[in-house]
Structures are given as C-alpha cells and as structure tokens.
Amino acid sequence: MDTRQIYNWVDGKESPATSGIRLKKINPHTGLVDSECIASSPEDVRQAVTAAEAAFPAWSELTPVGRGGILSAWGRLLRERQQELTEIIVRETAKPPQDAGGEVHAALAQGEYFAGEGMRLYSRSLTSGTPGKYSHTVRQPRGVAGLIVPANTPLANIAWKVFPALICGNTAVLKASEDAPELAVAVAKLGKLAGLPDGVLNVLQGGGDPTGRALVEDARVAVISFTGSTAVGRWIAEVGGRRLARISLELGGKNPFVVCDDADLDMAVHWASLSAFSNAGQRCAAGSRILIFEGIYEAFVEKLVAKATSLKLGVDQGCDLGPVITAQQQSKILAAIERARQAGGRVLCGGKVPGAEKLRNGFYIEPTLIDGLPDDAEMCTREMFGPVASVQRVRDVAHALQVANASEYGLTAAIHTRNVDRAMWFAQRVRAGVVNINIGTFGSEPHMPFGGFRASGNGTREPGVEALDVYSELKNISFLVRDALI
Ligand code: NAD
C-alpha cells in the first residue's frame with residue numbers, strides 16, 4: 001500500500017512542498033510509517049508568508065464580530081468531526097482515544113471562547129484632563145503571525161495559537177509539528193469549510209531546520225508564537241528580537257508537586273499520578289518533581305508506587321498512557337534514567353520499556369519514579385518530557401518552597417494540604433505562572449492565562465484575554481468636541 005502523503009496547505013489548497021527531504025511520520029504505538037511529507041524549503045515558507053500577507057487586508061478589514069462568526073462555525077465543525085480528528089490524533093501520537101477526544105473538546109472550547117472575543121474587549125474608553133476630549137483604545141492586528149507548535153497535545157496547541165491570532169485580525173502561517181503533520185492540515189481544511197478565506201491560515205510541513213527557521217527569519221512575520229523547548233525559544237527570541245517582532249514563548253517546565261503532611265493522601269496520589277504520567281508525561285505542565293514532607297514520605301511513596309504500577313499502558317480506550325512520541329525521545333529518556341541510577345538514584349518503579357508483547361513495537365516507557373538523588377541532580381532539574389518523576393523529601397513548607405524555586409523553570413506548581421495558610425503562603429511565593437491547590441500541576445482552561453516565569457517563557461500569556469495582547473497592537477484614539485462648531 002502506498003504511504004499516505006501529507007501536503008502543505010497554502011492559500012486555501014493543498015500544495016506539495018517544492019523541495020526538501022522526505023519526512024516519515026512513525027506511529028509511536030506500531031513503530032510503522034503512518035504518513036510522509038516533505039520538509040518545506042525556505043522557498044515554500046516564502047510562498048506561504050506571501051499568501052498570508054495577501055490575505056491580510058481583507059481579513060483585517062472584516063469586523064471582529066464577522067471573524068468571530070467564522071470561528072464559531074469552525075468550532076461547530078470540530079465538534080461534528082470529533083471522531084475523525086480523534087482518529088488522526090490517536091494515529092499520530094498514540095494517545096488513548098479518550099484523551100485524544102478530550103483534546104478535541106478542549107480545542108473547540110478555545111474556538112468558542114475566541115469567537116466570543118469578537119464581541120468583547122475591542123475598545124476601552126478613557127477619561128481625559130482636557131475638557132471636550134474623548135479617548136478610547138482599540139486593538140489592531142499586527143499582520144502575519146508565525147505559529148510554531150509541538151505534538152504533545154497537538155490539537156490543543158494549534159487551537160491555542162490559531163484562534164486568538166485570527167480573531168485579532170492577523171493572518172497566519174502555522175508550522176505543523178513534524179510529529180503531527182496530518183492533524184494541522186485537517187484543522188485548516190475545516191477552517192475553509194467554515195468560511196475562512198483562502199490564505200488566512202496556511203500550514204507548512206517540516207521540522208525546525210530549515211522550515212521553522214525560515215519562518216522565524218522571514219522579516220514579514222510580525223508575531224511569532226512558539227511553543228516548545230527552552231533552547232529553541234531562546235534562539236527565536238534572539239532572531240525575532242533583532243527585528244523587534246512580537247514574540248510569545250511557551251517553553252519547558254520542571255514542575256513541583258508538593259504533598260504536605262496534612263494532605264488527603266489518596267487524593268494527592270491520584271493527582272500526583274495524573275500530573276506525572278498522563279499524556280505519558282509529555283506535558284510542559286507535568287508534575288515531574290514530587291516533593292513530599294518527611295512525616296508522610298514512606299506512606300505516600302508506597303501508595304504512589306502502587307498507583308504508578310497499576311497504570312495501564314497502550315492505545316486502547318481506557319488505557320492510562322501511551323508511548324512517547326519518537327524512538328529518539330524514548331532512548332533519550334531511558335539514558336537519563338540510567339544516568340540517574342548510576343548517580344545513586346533508587347528506581348522505585350518502572351525505569352524500563354514494558355515487556356508486554358502488544359507494546360513491543362511502540363516507544364513505551366513504564367511510569368517511573370526515582371528517589372534518593374540530591375535536589376540538584378539531573379533527574380531533579382532537567383525536563384524529561386516522559387513518564388518519569390523524581391521523588392524528593394522536604395522538611396516543611398518553607399523547605400518545599402526552597403526546593404520548588406531552585407529551578408531554572410517556573411511554569412506550574414501544585415500543593416496538597418488542608419491548611420489554607422500553608423497553601424496561600426506557598427502559592428504567593430512559588431515562582432510559577434500557574435499554581436494549583438489540591439489538584440494537578442496542569443488543567444488550564446480557555447479563559448485562564450497560562451505561561452511561565454523564568455526559563456518557561458518570556459512573560460506572555462496564552463490563552464485568556466491576555467492572548468489578545470500577543471496578537472494585537474493597542475492604538476489610542478482621541479477626539480476633541482469643539483464647542484464652537486456644534
Ligand atoms: P522543540 O522545541 O524541539 O520543537 C517544537 C517545535 O519547534 C516543533 O514544531 C519544531 O519543529 C520547531 N522547531 C525546532 N527548532 C526550530 C527552530 N530553530 N526554529 C523554528 N522552529 C523550530 O520541542 P518538542 O520536543 O517538540 O516539544 C517539547 C517541548 O515543548 C518541551 O520543552 C515542553 O515543555 C514544551 N511545551 C511547552 C508548552 C507550554 O505551553 N509552555 C506546551 C507544550 C510543550
């Protein structure tokens with residue numbers, strides 16, 4: 001059977017990349033080729049940006065309410081095609097169907113939210129010190145947005161960027177993740193069905209270099225919104241910063257999950273397990289450092305290990321976690337686990353690929369917990385982006401805070417306690433853009449600003465109304481009522 005070919009989507013139609021190397025998309029569960037695309041060349045990128053630029057005047061002239069109407073229709077189509085989209089996500093990422101389906105819901109909620117933004121917040125009235133002077137601030141689009149996403153939650157990642165970018169009146173070039181190429185084109189096709197004019201959203205296939213790089217380097221791209229690793233984010237900030245492009249960076253995390261001695265241990269185990277292992281730990285917001293008060297350490301660890309070893313791996317409905325996205329990622333994580341072992345870490349559970357015959361060809365790693373390492377060990381400080389968490393002892397909440405903050409990242413944090421003073425003291429002081437009390441380290445909603453301190457980002461927040469600041473310019477307009485002319 002011929003391998004399915006995935007194309008770019010430029011100016012409202014599928015278009016093969018003009019040149020570049022062939023990229024094979026491997027299904028992470030079967031280990032077999034799922035599809036193939038061509039890594040778009042700088043010339044392909046140029047053409048896509050040209051299409052976005054050409055579509056900009058008409059799209060930006062449309063009223064925000066009109067743009068919102070198209071986004072609403074798009075959201076409805078996502079709902080109608082939920083099954084089809086779920087199947088693509090399952091094939092490309094091998095996450096269990098209920099998780100993939102949940103992602104479709106999350107994406108359409110984003111669509112609905114930003115469709116509604118078309119009717120809100122486009123103007124603010126101001127007072128003036130000058131008699132007869134009236135002032136208001138409006139939002140205006142910036143131009144072409146370059147959107148770059150990873151594959152961990154592929155549809156949610158696309159929705160978080162595309163919907164706010166377009167509602168603000170920008171046009172966009174989305175560089176699909178090389179690990180989820182088909183999904184991005186499927187979303188763009190639904191946009192066209194919903195009434196999105198050609199050229200408003202273009203999709204390019206390809207990896208970081210040359211495709212992503214060429215998009216970042218194109219001087220016509222006025223906003224770059226990037227979700228991915230901190231190393232790449234730093235490079236984008238440098239290159240885009242030189243031409244003063246607006247840049248939004250949603251980067252990595254090494255998120256602390258604190259369990260106090262007064263926590264509801266069973267609930268804390270439930271949330272710690274979800275935080276560390278759901279989506280196979282491939283979340284920027286994964287709870288990958290579990291900090292436990294000494295007084296309950298043994299009791300909590302025993303329960304958490306029991307939970308972790310009970311999790312079901314696989315791609316069937318009801319499985320708890322699938323494989324990681326690529327064989328390279330699997331090897332990288334297994335090598336880090338081995339280094340942790342050699343550094344004196346105690347692997348409490350997992351630490352290896354599962355033996356089950358039906359998982360044999362996939363890029364699976366058993367849910368892994370490691371303790372006994374110093375707080376500054378690689379396993380306790382470096383993002384793994386897999387189902388692996390360090391387990392660390394802390395004396396009290398002040399110590400937990402100190403360990404939590406001893407990280408280059410600052411994306412999310414969670415604390416489990418029944419003591420409101422402890423919870424609020426910690427929440428106020430922890431260096432993280434999102435703090436959750438008695439839940440997991442993740443769980444943002446469309447109207448909530450998400451983003452990190454320090455190496456987890458550059459201070460922007462997406463989604464929520466804050467995303468509008470990424471994708472629009474503010475203009476203050478004042479007018480004077482001249483009494484003599486009335
Ligand atoms: P990655 O940085 O390797 O790749 C992310 C995207 O950037 C891909 O589309 C890739 O092709 C592209 N890219 C790579 N090099 C590029 C370059 N030089 N120029 C332009 N584009 C380039 O990250 P990944 O391994 O795919 O994803 C995992 C990372 O993403 C983790 O660090 C994770 O924490 C982070 N992440 C952050 C958030 C957040 O909201 N903060 C959400 C999800 C994932």
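Q: How far is an oxygen atom of the ligand from an N or O atom in the side chain of E383?
A: This is a predicted model, where local features need pLDDT of at least 70, side-chain atom pairs count only at pLDDT 80 or more, and totals for chains, interfaces and linings use all residues. Residues are numbered from 1 along each chain as its sequence is written, and side-chain values use heavy atoms, with hydrogens and water left out. A polar contact is a pair of N or O atoms within 3.5 Å. The distance for the E383 side chain is 2.5 Å.

Q: How much of the ligand's area does the protein bury?
A: Accessible areas come from the Shrake-Rupley method with a 1.4 Å probe. Taken alone, the ligand exposes 840 Å². The protein buries 85% of that.

Q: Which element gives the most residues to the shell around the ligand?
A: The shell holds 26 residues (a heavy atom within 4 Å of the ligand). Helices are DSSP runs of H or I with at least four residues, and strands are E runs of at least two. α7 (208–217), β11 (221–227) and α8 (230–242) each give two or more residues. The top contributor, with 4 residues, is α7.

Q: Why does the ligand lie between two domains?
A: Domain bounds come from an automatic or database domain assignment. The ligand lies between the domains because both give residues to its shell: domain 1 (4–251 + 457–475) and domain 2 (256–437).

Q: What volume does the largest cavity have?
A: On a 1 Å grid over the protein atoms alone, a cavity is a set of points where a 1.4 Å probe fits but cannot get out. A volume is the space filled by probe spheres set on the points, which are joined across faces, edges and corners. There are 4 cavities of 30 Å³ or more. The largest has about 70 Å³.

Q: Which residues are closest to the centre of the second largest cavity?
A: This cavity holds about 60 Å³. Its lining has 15 residues. The closest to the centre are P256, R289, Y409, G410 and R431.

Key. On a 1 Å grid over the protein atoms alone, a cavity is a set of points where a 1.4 Å probe fits but cannot get out, and a pocket is an open set with protein on both sides within 12 Å along at least five of seven lines; lining residues have an atom within 4 Å of a point. A polar contact is a pair of N or O atoms within 3.5 Å; within protein, one must be able to donate a hydrogen and the other to accept it, and residues adjacent in sequence count only if both atoms are side-chain atoms.
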